[in-house]
Each structure stands twice: as structure tokens, then as C-alpha cells.
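Hi everyone, thanks for coming. Let me put the sequence and the model on the screen, and then I'll walk you through a few helices.

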Amino acid sequence: MSKRKETARVISQEKLADEIYSMWIKTGIASDAVPGQFLSVYTKDKTRLLPRPISICEADDKDGGRLRIVYRIAGAGTKEFSKYKTGDEVDILGPLGNGFPIKNEKAILVGGGIGIPPMLELAKRLKGEKTIVLGYRNKDTFLDKEFLSYGNVVIATDDGSLGTKGNVIDAIKENKVDGGVIYACGPTPMLRGVKKFAEENSIEAYISLEERMACGVGACLGCVCKSTDTDDHSKVKNKRICADGPVFNATEVEL
Amino acid sequence: MSDAVMTVNIAGVEFKNPVMVGSGTFGSGMEYSEFVDLNKLGAVVTKGVANVPWLGNPTPRVVETCGGMLNAIGLQNPGIDTFIERDLEFLKDYDTKVIVNVCGKTVEDYLEVVERLSDKAVDMLEINVSCPNVKEGAIAFGQKADALFNITEQIKKHAAQPVIMKLSPNVTDIAEMAKAAEAAGADAISLINTLTAMKIDIHKRTFALANKTGGLSGPAIKPVAVRMVYQAAQAVKIPVIGMGGIANAEDALEFIMAGATAVAVGAMNFHNPYTTQEVIDGIHDYMIKYGVKDIRELTGCVKQV
């Protein structure tokens with residue numbers, strides 16, 4: 001099945017950390033979703049026109065399909081989502097974007113802040129050896145314990161209150177993390193660091209980008225990023241994050 | 001649907017219904033064809049295309065505002081060569097009318113695109129002289145009546161298809177602009193393009209858009225758009241295509257009653273990809289409910305009590 005708009009139902013919602021929420025929803029879209037893809041989530045308040053693009057944290061076929069999003073309250077729209085209770089309806093469009101390519105190599109998964117959630121489903125589906133590197137502001141962490149059953153977990157915090165003091169690259173170096181492929185999602189400065197690290201160490205890297213979006217399906221050209229070469233679709237050095245990404249080979253894009 | 005005729009005619013082109021899409025909100029239909037049966041639409045109006053590829057503006061290019069959104073895409077487009085090879089080739093397979101939106105930095109740019117399209121499967125041209133997000137061309141031709149007259153006249157000399165001039169709402173007197181387009185030979189006018197607007201991110205103390213300003217669209221602008229469509233329709237005899245925040249059939253009917261022969265769904269495609277189909281169905285339901293035999297009975301029917 002292709003991407004579609006659906007009214008899903010909230011299975012459960014819980015607060016994971018300050019301003020970070022986890023919501024499981026029941027939807028048939030779950031069975032088509034792959035890690036790295038995202039959903040457009042619509043608010044009920046119709047003065048808010050645009051859907052919120054939120055990455056898929058987990059997806060499986062249980063109970064006719066269920067999907068988990070873990071999101072940060074960034075404004076009034078996501079605040080509305082955080083108030084949804086079990087049984088509430090939520091309009092979603094998905095699955096959107098391309099997702100991470102699954103490689104049979106020792107993997108390094110890197111998540112920073114609200115870029116951590118898509119790494120969970122990826123960690124589940126990567127069958128080989130892997131290290132999961134998570135970056136947080138401080139020891140008020142989320143999802144870190146859920147990664148433990150899928151691989152070795154390494155943590156970096158900005159304030160040093162847990163794990164390595166510094167960023168995810170500092171943690172990778174301190175713990176001598178190695179691998180043949182890197183998967184990363186997080187803020188742009190972090191992705192810039194990952195891209196540089198991957199280049200220096202000749203490791204293939206796939207990074208998930210974000211930008212303000214409107215349509216979410218590749219029509220409006222709102223959410224472009226700079227591409228290294230002229231893009232085949234746009235015919236300029238721009239790629240659509242929603243449709244050509246959000247996951248790119250790090251060599252394809254300029255940050 | 002024989003009991004409620006929804007076909008409309010603009011400059012000799014017959015549309016199966018009066019519902020189109022707003023340029024720039026629908027690509028060339030490819031992405032939305034996963035949600036919408038393009039064969040059901042009155043027309044697909046493509047995103048603006050220039051003679052060569054355009055990079056567009058830096059990001060952020062879009063931001064939400066109350067009841068609407070700002071965009072400053074800057075008319076990123078792949079250029080006419082790719083557009084002809086890929087987008088027009090894609091649209092060939094659909095039984096809908098194709099209106100190509102044309103943009104340019106100079107009059108020559110516009111004329112080049114218009115001429116390249118002269119022997120192509122294109123039903124009408126919509127000339128974008130109203131994009132507020134590019135520094136050269138576009139709106140420079142659309143804010144002064146004499147400039148609008150001049151470019152319309154030039155395009156009419158070179159165009160093989162009927163020409164729609166897309167008007168900007170960022171003017172003092174919309175009736176004067178509508179009249180200038182008509183006097184220069186335009187076959188129809190469409191309005192409104194977006195309203196120049198601004199949003200400030202108070203947390204970062206920056207402009208929300210990299211371009212500082214952007215074009216406001218969505219339901220927030222609908223009453224302004226209805227007023228302008230009414231004033232334009234009063235001023236000219238050529239058909240008017242109305243748009244600006246149409247979210248449902250009721251909105252579309254307001255535009256039609258204000259004087260629009262056809263309407264376009266724009267930003268609301270982002271909110272609900274099925275909006276066009278819902279508008280078409282809703283207009284039909286209204287016609288059945290009120291015993292309207294032909295949509296043309298409603299065009300410009302508004303009157304004072």
C-alpha cells in the first residue's frame with residue numbers, strides 16, 4: 001500500500017522526560033512503515049493548517065498495526081498531541097520519506113535529542129553487531145534503556161551529568177566505537193560532525209535531515225536541503241527532504 | 001451528474017467542473033496523484049516554470065501562521081526542458097485540462113517559455129506576474145497597471161494558448177489591474193496570489209523565513225480574496241478564476257457567487273490532500289439541494305438584500 005491519510009486511534013500516551021512524549025497509535029500504516037520514515041500528524045485545531053512531521057519510533061503488526069511516535073513539545077500543535085488520551089482520534093498521513101537502507105555491516109547508530117526516536121526501530125531491524133550512541137542535554141534521558149536489548153549503548157551529555165561530557169563524536173572517540181556504516185539523526189551541528197567523522201574515517205554514513213515542511217509529499221518544495229551535485233528531480237542543487245529524504249547518504253548533501 | 005451541469009467554459013476551453021488547483025501547491029500533480037484522481041479535476045495548474053532551472057530561496061521557506069501559512073519558495077523549478085519531458089509527459093495520461101503557470105525574470109524569459117509550449121499538450125497558460133518572493137520579474141510586472149498591460153500584450157502576441165493573467169492582491173486597486181489585463185487582451189484573470197506578509201520568531205529574535213517576507217495563503221486570506229474577486233469580476237467581462245484559502249465547497253461557492261467562473265484549491269491541499277475532490281462533491285450536493293441545474297446560474301449571482 002502506498003502513502004495515505006488515515007484517522008488513527010491513540011492506544012496509549014506517556015511522558016518520557018521534560019517536554020518529551022511517547023504515543024502509540026493504532027493504524028494500518030504501521031505495516032508499511034520502515035525505520036527513518038515519518039508521519040504527517042494533523043492537529044484538531046483547524047487554525048493550524050500544516051501537519052507536523054514526526055519520525056516513526058517503532059512500528060509493528062500487533063493488534064492490526066500499531067505505530068509509536070516520540071516527540072518533543074515544540075509549539076501549540078505538539079502540545080495538543082501531548083494531551084491526547086487512549087481512544088482519541090488522530091489524523092495522520094504516511095508513511096512518508098525513504099527510510100534508512102539496511103546494511104549487513106557492523107553499525108554505529110547515532111541519535112541526538114529528538115533525533116533519537118527513529119533509531120529505535122532501526123536498531124530492532126539491524127540484525128548485526130551495533131553500537132548505539134545517544135546524545136542528550138543532561139541526565140534527563142529518554143528511550144536509552146529501551147536500546148539496551150539491541151546493542152551496546154554509549155551516552156554523551158552536554159553538561160557531563162551522564163556518560164561522556166560533550167557531543168556524540170566525543171563519545172564515539174572516547175569509547176573507541178567502530179563500524180562499517182553510520183546511521184544518524186539529530187540537530188544539524190551534530191549531523192555536520194557525523195558527516196566529517198565519517199569522511200575522515202572513510203565510513204559510509206546515512207543521515208536524516210529535518211526542515212520546516214508544508215505538503216510532506218514532495219510537491220511544494222518547502223523543505224529542501226543543499227545537494228552536492230545537481231539533483232535529478234529539481235535540476236538544481238536542491239533535494240526535497242520529505243520526498244528524496246529525509247535520509248540521505250552524507251556525501252549527497254551539504255550541511 | 002446530468003441533473004446538475006458543472007462544466008464551465010473559459011476562452012473556449014471546456015472544463016468538466018470548475019475546480020482546479022492553485023499553482024505551486026500541487027507540483028504537476030505527480031505527488032498528489034497518489035491521493036487524488038486527477039481525472040476528476042477541472043484542471044491541473046502546474047507550479048511556475050521558467051526558461052531555465054531556478055534554485056529558489058534559502059530555507060526556512062515555509063512557516064505556519066494562524067489560519068494560514070507563509071511561503072517564500074522563490075519559484076524553484078526545473079526549467080522548461082525538464083518540465084516538457086517529464087511533467088507534461090506525465091499529465092498526458094490524464095483526462096483533465098492542463099494549465100501551465102509561467103514565470104520569468106524578464107519579458108524575454110516569459111516569451112521563451114510561452115513559445116516553447118506553443119505546440120505542446122497544454123490547454124491554457126497562466127502568467128505569474130504576482131509572486132512576492134523573487135526579487136526580479138514576477139511581481140514587478142504585476143503591481144503597476146501599465147507594466148501589466150505591456151507584458152500581457154507581449155505574451156498575447158506569442159502565445160498559442162489562451163492566456164490567464166494571475167493577479168497580485170498587493171495592489172491599491174484590483175479593478176484597475178483587472179481592467180489593464182483585459183484591455184491588453186488577456187483571455188481570463190486569476191486571483192488572488194498570496195499577500196506579502198511576515199512572521200517573527202520571538203525565541204530566536206529572527207525572521208521566521210530566510211527571505212524575511214513570504215506570501216500568506218490559507219483560510220486566513222479568504223475574505224480578502226472573495227472581496228477582490230468580486231471587485232475584479234465587476235470590473236471586467238473576461239472570466240475570473242477565484243482562489244484564496246478555499247477549504248471546502250462552501251468557500252468555493254462564495255467565490256463563484258462573487259463572480260468566479262472557476263476556483264482553485266491552494267494551501268489547503270497541504271492540510272487535506274483530498275480537498276479538491278471534497279469541493280467538487282460538495283458543489284454538486286449544493287446544486288442538488290437547491291435545484292441548481294447549471295453551475296453558471298451561480299456565477300456572480302450575489303446580490304444585495
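Predicted model: local features only at pLDDT ≥ 70, side-chain atom pairs only at ≥ 80, totals over all residues.

Residues are numbered from 1 along each chain as its sequence is written, while chains are lettered from A and ligands numbered from 1 in the order in which they are written.

Now to our pair in chain B, helix α3 (residues 145-158) and helix α4 (residues 174-183). Their axes come within 8 Å and cross at roughly 25°; axes here are lines fitted to C-alpha atoms over the stretch in contact, with angles from 0 to 180 degrees between N-to-C directions. α3(B) and α4(B) are therefore roughly parallel to each other. Which residues in α3(B) and α4(B) meet? From α3(B) we have Ala145(B), Leu148(B), Phe149(B) and Thr152(B), and they meet Glu176(B), Met177(B), Ala180(B), Ala181(B) and Ala183(B) in α4(B), contact being C-beta atoms, placed from the backbone, within 7 Å. By type, that contact divides into seven nonpolar residues, one polar and one charged.

Let's step back to the whole of chain B. Its secondary structure comes to eight helices and 16 strands, taken as DSSP runs (H or I, at least four residues, for helices; E, at least two, for strands). The C-alpha trace spans about 50 × 50 × 40 Å along its principal axes. Of the 305 residues of chain B, 59% count as buried, meaning 20 or more other C-beta atoms within 10 Å of a residue's own. Among contacts between residues at least 6 apart in sequence, 71% join residues at least 24 apart.

For a mostly covered helix, look at α6 (residues 249-258) of chain B, with eight of its 10 residues buried. Those include Leu253(B), Phe255(B) and Ile256(B). What covers the buried residues of α6(B) includes β3 (19-21), α5 (222-235), β15 (240-243), β16 (262-265) and α8 (275-289) of chain B.

Finally, over to chain A. Seven of the nine residues of helix α2 (residues 117-125) are buried, so this helix is largely enclosed by the rest of the structure. Among them are Pro117(A), Met119(A) and Leu122(A).

Terms used. Buried ≥ 20, exposed ≤ 12 C-beta atoms within 10 Å, placed from the backbone. Contact = placed C-beta atoms within 7 Å. Parallel < 35°, antiparallel > 145°, perpendicular 65-115°, else oblique. Nonpolar A, V, L, I, M, F, W, Y, C, P; charged D, E, K, R; others polar.
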